[in-house]
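Please look at the structure first.

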Amino acid sequence: MKNKTKYVTIPSQTILPERDASRDPVLECVNLGITLGGIKAVEDFNLTIGRTEIAGLIGPNGAGKTTVFNLLTKVYQPTTGTILLNGRDTHGMNTMQVNKAGIARTFQNIRLFKNLSVADNVKAAMNNDMRYGLMSAILRLPNYKREEIAAHRRALKLLSIFDMQDMADVRAGSLPYGAQRRLEIVRALATNPSLLLLDEPAAGMNPSETAELMDSIRKVHEMFQIAIILIEHDMSLVMNICEGICVLNFGHIIAKGTPDEIQNNPAVIEAYLGRKKEA
């Protein structure tokens, strides 16, 4: 069932979901851009995301979508523009610092610690919360043991969102493909993000797995009340789960709007299907 979220214009002339209009946005990108190899990969990218918004970032292959995610997470440093996360300028931050500030992501290509257990993959993302020192870990002091027990319990609780708690001791690399995708999302959630970036979460999934993923994303959104931006080529998933959609082409935003508005936008249709030849 498609989202029918009501959008409103706030005093800064930004459009946000009505439920988020009274609070500062979780993310504001202002004139964001980057030049790679002399080519403007992304230019004049302006986007505002409400604190509990589910947004889609779509466009043809090579449009610059993953580049935007890399800018937000500081894999790349912007050439121009500003990124505000929870009202804080992320200029000068590195990837680890921006993660601590509230952004977590998954990747197109799965990046798990495949030789570690499922639970250990999740616990590896909890380093920001660990309060024991190196010596405590080496000597297995009581403080270390308490922290490890608490981390394991939290890992199981997070895994239960995807009904994966019984897989806690399984080697991550032996999981089916869809389960590895879900584990990546659980690991991202373990960092306590206020903004979750999902880069093609349904890639390689069959229709049944995609439907299950859609339900899981909705469940995560409902439980954690966080903002989610997803890059996805499965238009059925995008149109059914996203409240607002931003369309990129050749590094430029060509359209923003609700799913219904995007589906009927001539510029979007042309970007995906090409211009019709004159008769």
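The buried residues of helix 7 are covered by, among others, strand 5 (54-58), helix 6, strand 9 (195-199), strand 10 (227-231) and helix 8 (235-241). Contact here means heavy atoms within 4.5 Å. Helices (H or I, at least four residues) and strands (E, at least two) are DSSP runs, numbered from the N terminus. Buried means under 20% relative accessible area, exposed over 50%, partly exposed in between (1.4 Å probe, protein chains only).

The model is predicted: local features need pLDDT of at least 70, side-chain atom pairs count only at pLDDT 80 or more, and totals for chains, interfaces and linings use all residues. Residues are numbered from 1 along each chain as its sequence is written, and side-chain values use heavy atoms, without hydrogens and water.

The expected span of a helix is 1.5 Å times one less than its number of residues.

| Helix | Residues | End-to-end C-alpha distance | Expected span |
|---|---|---|---|
| Helix 6 | 177-189 (13 residues) | 19 Å | 18 Å |

Helix 6 has twelve of its 13 residues buried, so it is largely enclosed by the rest of the structure. Among them are R181, R182, E184 and R187.

Helix 7 buries T210, L213, M214, S216, I217, V220 and H221. They cover an arc of only 165° around the axis, so they lie on the same side of helix 7. The arc is taken from the directions from the helix axis to the C-beta atoms. Exposed S208 and E222 sit on the face of helix 7 turned away from its buried side.

Just after helix 7, Q225 has a positive phi of about 50°.
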